[in-house]
Amino acid sequence: PLAILASAAAFSYAHHAIGHEPYSHAAFLYRALMGVILGGAYCARGLGIVVYAHALYNLLVAFLWPAT
């Protein structure tokens, strides 16, 4: 559980740092929660399901949310 929490925080931070996005507490917590969910899925099912889930989310964001 501690490793999942630590990796979720790193996951969230990396998405802010790599994208040069201004820090938002809500966005950080949302991404950290997704990191916990994907970390749990990784432990339960393996890497494949996590990769597919992340890719599906990226496609949904790309096609359903307007570009800013």
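This briefing covers the fold, the helix packing, the surface and selected residues of one protein model.

The model is predicted: local features need pLDDT of at least 70, side-chain atom pairs count only at pLDDT 80 or more, and totals for chains, interfaces and linings use all residues. Residues are numbered from 1 along each chain as its sequence is written, and side-chain values use heavy atoms, with hydrogens and water left out. The protein has 3 helices and 0 strands. The order from the N terminus is α-α-α.

**Overall build**

- Helices (H or I, at least four residues) and strands (E, at least two) are DSSP runs, numbered from the N terminus.
- Along the principal axes, the C-alpha atoms fill a box of roughly 35 × 25 × 15 Å.
- Of the 68 residues, 16% count as buried. Buried means under 20% relative accessible area, exposed over 50%, and partly exposed in between (1.4 Å probe, protein chains only).
- The accessible surface is about 5200 Å². Carbon and sulfur atoms hold 76% of that surface. Areas come from the Shrake-Rupley method with a 1.4 Å probe; for residues, only the protein chains shown count as cover.
- Among contacts with a separation of 6 or more, 37% join residues 24 or more positions apart. Contact means heavy atoms within 4.5 Å.

**Packing of H2 on H3**

- Two packed helices are described by the angle and the distance between their axes.
- Helix H2 spans residues 25-45 and helix H3 spans residues 47-64. Their axes come within 7 Å and cross at roughly 145°. The axes are lines fitted to C-alpha atoms, for helices over the stretch in contact, and angles run from 0 to 180 degrees between N-to-C directions.
- The H2 side of the contact is Tyr30, Leu38, Ala41, Tyr42 and Arg45. The H3 side is Leu47, Ile49, Val50, Ala53, His54 and Tyr57.
- The residues of this contact divide into 9 nonpolar, 1 polar and 1 charged. Here Ala, Val, Leu, Ile, Met, Phe, Trp, Tyr, Cys and Pro count as nonpolar, Asp, Glu, Lys and Arg as charged, and the others, Gly among them, as polar.

**Nonpolar surface patch**

- Tyr30, Leu56, Tyr57, Leu59, Leu60, Val61, Phe63, Leu64 and Trp65 make a nonpolar surface patch of about 960 Å².
- Patches are made of residues with over 30% relative accessible area and no salt bridge; like charges are joined within 9 Å, nonpolar side chains (Val, Leu, Ile, Met, Phe, Trp, Tyr) within 5 Å.
- H3 gives the most to the patch, with 7 residues.
- Leucine 59 is found in H3. Leucine 59 counts as partly exposed because its relative accessibility is 48%.
- Tyrosine 30 is in H2. Its relative accessible area is 42%, so tyrosine 30 is partly exposed.

- Serine 12 lies in helix H1. Its relative accessibility is 0%, so serine 12 counts as buried.
- Not counting residues up to four places away in sequence, serine 12 touches Ala27, Phe28, Arg31 and Ala32.
- Serine 12 and tyrosine 30 are 18 residues apart along the chain, with 8.2 Å between their C-alpha atoms.
- Alanine 32 lies in H2. Alanine 32 counts as buried because its relative accessibility is 14%.
- Leaving aside neighbours within four places in sequence, alanine 32 is in contact with Ala8 and Ser12.
- Alanine 32 and leucine 5 are 27 residues apart in sequence and 8.0 Å apart in space, C-alpha to C-alpha.

**Salt bridge**

- A search of the whole structure finds 1 salt bridge. The term means a side-chain nitrogen of Lys or Arg within 4 Å of a carboxyl oxygen of Asp or Glu.
- The side chains of arginine 31 and glutamate 21 meet in a salt bridge at 3.1 Å, N to O. Arginine 31 is in H2, while glutamate 21 is in the loop between H1 and H2, 10 residues apart.
- Glutamate 21 counts as partly exposed because its relative accessibility is 31%.

**N terminus**

- Proline 1 is found in the segment before helix H1 (2-19). Its relative accessibility is 84%, so proline 1 counts as exposed.
- Proline 1 and glycine 40 are 39 residues apart in sequence. Their C-alpha atoms are 8.7 Å apart in space.
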